Amino acid sequence: MNYRGPFRVRIDEKPYPKILHPEDAIVRVTRSCICGSDLHLYHGLVPDTRVGSTFGHEFIGIVEEVGSQVTEIQVGDHVLVPFNIACGKCAFCKQELYGNCHESNPEATAVGGIFGYSHTAGGYDGGQAEYVRVPYANVGPTRIPPEMDPDDAVLLADVVPTAYQAAEMGGIKKGDTVVIFGAGPIGIMTAKCAWLFGAGRVIVIDHLEYRLEFVKNYAQCEAYNFRSMEDPVLFIKKTTDWFGADVCIDAVGGDAAGNAMQTITGRKLLLQAGSATALHWAINSVKKGGIVSIVGVYGPTDNLIPIGNVVNKGITIRANQASVKRVLPKLIDHVMAGRLNPKGIITHRLPLEEVSDAYRMFSSKLDNCIKPVLIPPKAKI
Ligand SMILES: NC(=O)c1ccc[n+]([C@@H]2O[C@H](COP(=O)([O-])OP(=O)(O)OC[C@H]3O[C@@H](n4cnc5c(N)ncnc54)[C@H](O)[C@@H]3O)[C@@H](O)[C@H]2O)c1
Ligand SMILES: [Zn+2]
Ligand SMILES: [Zn+2]
């Protein structure tokens, strides 16, 4: 997959990746997904996204080659590779903040390295490819249990850990009302995870009917269309005895629709780093003293958020990139025990050669697409 500029991606031949460091591995990709985060790149919203780069931070594959200092995985292993590139040794990795590694990204004031996510996140090529170089191969890649379906495994590289961490950062307590903005793969899986934390009521807000229908069935929650409400904040207040939700989760990020001013300044004129509509709604519809958890991605510069209300309401806001490695053992258990069924959100399987169509479909939400998976020609499973 080769990025050519906003809204343009295509398939090209690129050189086979090389081991550049003794802790590198080369992985032959067997599955990769397109994530909502890739859409921010595709829409040209992420700074320093260079033409010629390869996206893809959700992938699994077979280890083809390892550097001389790789001890934790072997050639032939089928591994799932967390989207964060983490050294495992720095002050942040030691606190299990693998998404905030201080070594894997030269721009590491905020985020650590991420596969296929622009030079803002380290400039690594990603997994929407046949082969990919995996740095710090002793840290991230995790052997897939032989009895696990590869379709479940690929969703453990990002979607499930992100959703789980979104629910966890929301500090959900037994009986809480949890409102999730966004019914994309992340919002859908977050709804599922909210129940695991003991939520009493789970409400999902979006404007795409097919996704609202999907999440109602998949996560057995309430789901409402913000286009059919006068004001989503008022709606949530009304349905919670005018208290507001205990926990609000932003699973939308900078591509949010629903407010003309935000859309024009954030998505059209790029005067702020993405449209903060869902974040506005989250802050304004959580109860006083409540918790807002943000996993929706925004650009690194300022947004026009209602920060004054954050202070006046005494809200706790928690946000981060998911720390995949930290939550993985628990999530593998949940999947193996049948409490989570990640592959249930996969709606489309396409050959990698059709990556350009796949992006168009996922970006424009065509053909009732929830989650597309790309299969490289050399994937033998
Ligand atoms: N923090 C992390 O570790 C992490 C990891 C993965 C994805 N993400 C981010 O999570 C977000 C969701 O990812 P996804 O794959 O589900 O993307 P997606 O684009 O498929 O889904 C986003 C959904 O939000 C809906 N939406 C738009 N405006 C809305 C609004 N104002 N209120 C409610 N819903 C609205 C859209 O209709 C869409 O269904 C993205 O911002 C992505 O970058 C973060
Ligand atoms: Zn992602
Ligand atoms: Zn580190």
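Serine 32 has a relative accessibility of 1% and therefore counts as buried, a class defined by a relative accessible area under 20%, with exposed set at over 50% and partly exposed in between (1.4 Å probe, protein chains only). The model is a predicted one, in which local features need pLDDT of at least 70 and side-chain atom pairs count only at pLDDT 80 or more, whereas totals for chains, interfaces and linings use all residues. Residues are numbered from 1 along each chain as its sequence is written, and side-chain values use heavy atoms, with hydrogens and water left out.

Serine 32 belongs to strand S3, which covers residues 25–33; helices (H or I, at least four residues) and strands (E, at least two) are DSSP runs numbered from the N terminus. A polar atom of the serine 32 side chain lies 3.4 Å from the backbone oxygen of glycine 127. Beyond its neighbours within four places in sequence, serine 32 is in contact (heavy atoms within 4.5 Å) with residues including Glu58, Phe59, Gly127, Gln128, Val154 and Pro372.

The chain as a whole has 12 helices and 17 strands. Its radius of gyration, 20 Å, is close to the 21 Å that the globule rule gives for 381 residues, so the chain is as compact as a globular protein of that length; the radius is taken over C-alpha atoms, and the rule is 2.2 Å times the number of residues to the power 0.38. Of the 381 residues, 59% count as buried, and among contacts between residues at least 6 apart in sequence, 71% join residues at least 24 apart.

Notes:
Chains lettered and ligands numbered in written order. Polar contact = N/O pair within 3.5 Å; in protein donor to acceptor, adjacent residues only side chain to side chain.
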